[in-house]
Amino acid sequence: MKCIKYSILLLLIVFAFSGCSNRMANTKIDLGESEVFTYQDLEAAANIIFNEIKTWNSVSTVYSISYCGDRESSGQLDYCKSLSEKQYTQCVVFESSFKSAGSSRSEGFNPNSMYDGWCWYLARTDGGEWELLTWGYA
């Protein structure tokens with residue numbers, strides 16, 4: 001039953017984002033399983049990533065966004081704390097795969113290139129709102 005509920009919510013997310021732009025219409029979202037975070041926690045973090053990517057003109061297609069898991073995320077909490085003066089208590093790490101546009105070097109991407117393993121680090125304090133701290137190759 002829980003698996004069915006998550007599958008339905010995942011489909012709703014995909015349909016919601018498919019209207020955002022063609023470059024994100026077929027993005028595979030994998031929120032995985034977590035013993036630390038709720039589905040809503042991970043969904044909120046993924047939404048922040050989507051909103052950031054939507055501002056990038058030099059990305060032509062986003063193939064996937066995936067939660068890297070509880071172990072990876074908890075292991076990066078000290079790193080996230082080092083990026084800010086805030087006392088973060090939780091961190092999530094996502095990985096994405098996308099292709100850059102063929103004609104643009106804006107935003108630092110090579111034209112018409114695949115970017116696999118692009119990481120996203122988000123953190124929060126005491127169950128508050130996620131903050132996108134940094135992204136790129138780890």
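1. Buried means under 20% relative accessible area. M24 has a relative accessible area of 1%, so M24 is buried. This residue is found in the loop between α1 and β1. Look across to Y63, which is 39 residues away from M24 along the chain. The C-alpha atoms of the two are separated by 7.5 Å.

2. A word on confidence. This is a predicted model. The mean pLDDT of the protein is 85. A value of 70 or more is reached by 80% of the residues. Over residues 1-20, the pLDDT is below 50. That stretch still has 17 contacts in the model beyond near neighbours in sequence.

3. Now the overall plan. The protein has four helices and five strands. Along the sequence, they follow the pattern α-β-α-β-α-α-β-β-β. Of the 138 residues, 40% are buried. Take the contacts with a separation of 6 or more: 62% of them link residues 24 or more positions apart.

4. Next, the sheet. In general, strands of a sheet pair through backbone hydrogen bonds, either parallel or antiparallel. Here, five strands form an open sheet in the order β1-β2-β3-β4-β5. The pairing is mixed. Which strands are at the edges? They are β1 (28-30) and β5 (131-137), and each pairs on one side only. From one strand to the next, the twist averages 25 degrees.

5. Follow β3 (residues 90-100) through the sheet. It runs antiparallel to β2 (residues 59-67), and seven bridges join the two. Ten bridges join β3 to β4, and this pair is antiparallel too. Is β3 enclosed or open? Nine of its eleven residues are buried, so β3 is largely enclosed by the rest of the structure.

6. Some bridge partners can be traced one by one. V59 has S100 in β3 as its bridge partner. S66 is partnered with E95 in β3. E95 in turn has a bridge partner in β4, namely C119. Step from S66 to E95, then from E95 to C119.

7. Helix α2 (residues 39-54) holds D41. The helix lies across β1, β2, β3, β4 (114-124) and β5. It runs at about 125 degrees to β4. Is D41 buried or exposed? Its relative accessible area is 17%, so D41 counts as buried. Setting aside residues up to four places away in sequence, D41 touches R124 and W130.

8. Go back to the loop between α1 (2-18) and β1, where T27 sits. T27 is at 4% relative accessibility, so this residue counts as buried. A polar atom of its side chain lies 2.8 Å from the backbone oxygen of V62. M24 is found in that loop as well.

9. The loop between β3 and β4 contains N112. At 48% relative accessibility, N112 is partly exposed. Which residues does N112 contact, leaving aside neighbours within four places in sequence? They are K99, S100, A101 and G102. K99 is 13 residues from N112 in sequence, and their C-alpha atoms are 6.5 Å apart. The side chains of N112 and K99 make a polar contact at 3.2 Å. S100, one of the residues that N112 contacts, is also the bridge partner of V59.

10. Last, the cysteines. A disulfide is a covalent bond between the sulfur atoms of two cysteines. How many disulfides does a search of the whole structure find? It finds zero. C80 is in no disulfide either. Its nearest cysteine sulfur, that of C91, is 3.2 Å away. The cut-off for a disulfide is a pair of sulfur atoms within 2.5 Å. C80 is buried, at 0% relative accessibility. C68 is partly exposed, at 29%.

Methods
Residues numbered from 1 in each chain as written. Heavy atoms only, no water. Buried < 20%, exposed > 50% of the residue type's maximum accessible area, 1.4 Å probe, protein only. Contact = heavy atoms within 4.5 Å. Pairing = 2+ DSSP bridges. Axes fitted to C-alpha atoms, helices over the stretch in contact; angles between N-to-C directions. Polar contact = N/O pair within 3.5 Å; in protein donor to acceptor, adjacent residues only side chain to side chain. pLDDT = per-residue confidence, 0-100.
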